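Thank you for sending the model for comment.

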Amino acid sequence: MIDAAIFTAPAHTEWSGAALVTREGKLVGVGSLVVGDVTGVGKSIPGNMYVPINRLKPVFDELVENGGLTTPPRPWLGLYTVEHMGQLVIGGISEGGPADRAGLHRGDILQALNGEVLDDVADFYRKLWAIGPAGTPVMLRMERDNDAFEVTVRTGD
């Protein structure tokens, strides 16, 4: 979740890390991932998301000097969420990631994090990132095939 991310279409699966440049040759973004809807209004137009270069400027010197940021990494679950018919659904799982190791599946419905009901994708990430650094365990209330269950997942980096 990045405020003011840049979205392009059509989707290209090999553009992660690619430069997004203007016609004048100015770097404006760095390719990050493929998304299911670049419109943000549920039209399901796949495309690519780019991190605006101005997001990198404040941390650039630290990245070059240290090879990364010195702040603790945010917690990561290794899942991709989508909003579908008013529900937060797992649209994909990173193989070997925390969600995969916890037995979560594509299509599972994510209802709550640490007992807090989730409204949408942005709410999910805000609550996840507020729990502490990577490695912090979270309790997820899930639904699969109309059966609710809870699972504790140790977040990763």
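The numbered points below begin with the basis of the model and then take its parts in turn.

1. This is a predicted model, in which local features need pLDDT of at least 70 and side-chain atom pairs count only at pLDDT 80 or more, while totals for chains, interfaces and linings use all residues. Residues are numbered from 1 along each chain as its sequence is written, and side-chain values use heavy atoms, with hydrogens and water left out.

2. The largest nonpolar core has 18 residues. Such a core is a set of buried Ala, Val, Leu, Ile, Met, Phe, Trp, Tyr and Cys residues joined through side-chain atoms within 4.5 Å; buried means under 20% relative accessible area, exposed over 50%, and partly exposed in between (1.4 Å probe, protein chains only). Leu77, Leu104, Phe124 and Leu140 touch the most other members. At least two residues of this core come from each of β6 (87–93), β7 (109–113), α3 (121–129), β9 (137–144) and β10 (147–154), and α3 gives the most, with four residues. Helices (H or I, at least four residues) and strands (E, at least two) are DSSP runs, numbered from the N terminus.

3. Leu104 deserves a separate remark. Not counting residues up to four places away in sequence, Leu104 touches Leu79, Ile90, Ile93, Ala99, Leu140, Met142, Arg144, Phe149 and Val151, where contact means heavy atoms within 4.5 Å.

4. A second, separate core has five residues, among them Ala5, Val35, Val38 and Met49.

5. Four strands form an open sheet in the order β1-β4-β3-β2, with antiparallel pairing; two strands pair if DSSP finds at least two bridges between them. At the edges are β1 (6–8) and β2 (19–21), each of which pairs on one side only. Three bridges link β1 with β4 (residues 47–52) in the antiparallel sense, and Ile6 stands opposite Tyr50 in β4.

6. Strands β9 and β10 run antiparallel and are joined by eight bridges. Glu143 has Ala148 in β10 as its bridge partner. The hairpin of these strands has two residues between them, and Asp145 takes a positive phi near 50°.

7. Leaving aside neighbours within four places in sequence, Pro137 is in contact with Ile131, Thr152, Val153, Arg154 and Thr155. Pro137 and Ala122 lie 15 residues apart along the chain, and their C-alpha atoms are separated by 20 Å.
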